[in-house]
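Subject: Handing over a structure

Dear colleague,

I am passing on a structure to you, and below it I describe what was found in it. Please keep it open beside this message as you read.

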Amino acid sequence: MELDIIRFMRKRIPRICSSKATLACLRRGIGKEIGMLPDLLGFVLPENEISCYSQQEEQVEKAIYAALTLYAFHQQGMEQCVSDGLTDEDTAVSHRNSFGYAAGKLFRISGNEAGVQRRFNQILTAKDLTELSVHARGIISLMKRQSIAIDYPRFALDLYHFQRPARRRKIVLSWGKDYYMEDTVKGKEESK
């Protein structure tokens, strides 16, 4: 299942990244439930190899929908693709450009640390995927200004797990660790 989500995102993002009309259409879906805008379904519904998991199908579709709508917002007005994780080489370092790591990078280079921290905390305490998407849009707009990329295939996978109560805490913890990762590494180097 997890590899199917990543494969789907790796195929879909290159197909839509340069289509201004597709990206504009997808942006309208941020913070809305899947199905509210039927014209988006063709862009986000998983292919057959994912849909055979009937019990988890809705969670997969919601995760892909949320990730692609946020990607479309992030990609708006950008010439280069803002997604990492489109090849196996991109994921060689496990934390590289995860959502938490990208947010932490933004925190360190931003002139508005308190604002970034507040937005990140809102995401970590979101009760559902729709609320998370609304809050993520704010922090992604700041990432966009700083040209910070996100591994969107991994983000979609994280959003899938976020919907499962047993896994939500692990996703929040993982994003938190990635958020503070560079500071920890930098601190160890400076103490030597």
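**How the helices pack**

The crossing of H8 and H9 is right-handed, and please keep in mind throughout that this is a predicted model. Helix H8, which covers residues 129-145, packs against H9 at an angle of about 150 degrees, and their axes are 11 Å apart. On the H8 side the contact involves Leu129, Leu132 and Ile140, and these meet Tyr152, Leu159 and Phe162 in H9. Sorted by class, the residues of this contact are six nonpolar, no polar and no charged.

A second pair of helices can be read in the same way. Helix H1 (residues 2-16) and helix H5 (residues 57-75) have axes that come within 11 Å and cross at roughly 30 degrees, and this crossing is right-handed. From H1 the contact takes Ile5, Phe8, Met9, Arg12, Ile13 and Ile16, while H5 brings Val60, Ile64, Ala67, Leu68 and Tyr71. In the contact of H1 with H5 there are ten nonpolar, no polar and one charged residues.

**Aromatic rings**

A pair of aromatic rings is described by the distance of the centres and the angle of the planes. In this model the count comes to eight aromatic pairs. One of them joins Phe99 and Phe155, which are stacked, with 4.9 Å from centre to centre and 20 degrees between the planes. Phe99 belongs to helix H6 (residues 99-109) and Phe155 to helix H9 (residues 152-162), so that the pair links distant parts of the chain, 56 residues apart. Are Phe99 and Phe155 buried or exposed? Phe99 counts as buried because its relative accessibility is 1%, which is under the 20% limit, and Phe155, also at 1% relative accessibility, counts as buried too.

Another pair is formed by Phe107 and Tyr179, which are tilted, at 5.6 Å centre to centre and with 45 degrees between the planes. Because Phe107 lies in helix H6 and Tyr179 in helix H10 (residues 165-190), the pair ties together parts that are 72 residues apart in sequence. Tyr179 is buried, with a relative accessible area of 1%.

Which residues form one aromatic cluster? The members are Tyr71, Phe99, Tyr152, Phe155 and Trp175. Here you will meet Tyr71 again, which is among the H5 residues in the contact with H1, and also Tyr152, which is one of the H9 residues that meet H8.

Charged residues also sit over rings. Lys144 lies over the face of Phe73, at 4.9 Å from the ring centre, and the charged end of Arg168 sits over the ring of Phe162, 4.5 Å from its centre.

**A strand residue and the whole chain**

Asp84 lies in strand E1, which covers residues 83-84, and Asp84 counts as buried because its relative accessibility is 15%, a value under the 20% limit. Although Asp84 and Ser98 are 14 residues apart along the chain, their C-alpha atoms are separated by 9.0 Å.

Finally, here is the chain as a whole. The protein chain has ten helices and two strands, and along the sequence these follow the pattern α-α-α-α-α-β-α-α-α-β-α-α. Of its 192 residues, 47% count as buried. Among contacts between residues at least 6 apart in sequence, 73% join residues at least 24 apart.

With kind regards

Conventions. Residues are numbered from 1 along each chain as its sequence is written. This is a predicted model: local features need pLDDT of at least 70, side-chain atom pairs count only at pLDDT 80 or more; totals for chains, interfaces and linings use all residues. Side-chain values use heavy atoms; hydrogens and water are left out. Axes are lines fitted to C-alpha atoms, for helices over the stretch in contact, and angles run from 0 to 180 degrees between N-to-C directions. Helices (H or I, at least four residues) and strands (E, at least two) are DSSP runs, numbered from the N terminus. A crossing is left-handed if the near helix is turned anticlockwise from the far one by less than a right angle, and right-handed if clockwise. Contact means heavy atoms within 4.5 Å. Ala, Val, Leu, Ile, Met, Phe, Trp, Tyr, Cys and Pro count as nonpolar, Asp, Glu, Lys and Arg as charged, and the others, Gly among them, as polar. Rings of Phe, Tyr and Trp (its six-membered ring) pair if their centres lie within 6.5 Å; planes under 30 degrees apart count as stacked, over 60 as edge-to-face and the rest as tilted. Buried means under 20% relative accessible area, exposed over 50%, partly exposed in between (1.4 Å probe, protein chains only). A charge sits over a ring if NZ of Lys or CZ of Arg is within 6 Å of the ring centre and within 35 degrees of the ring normal.
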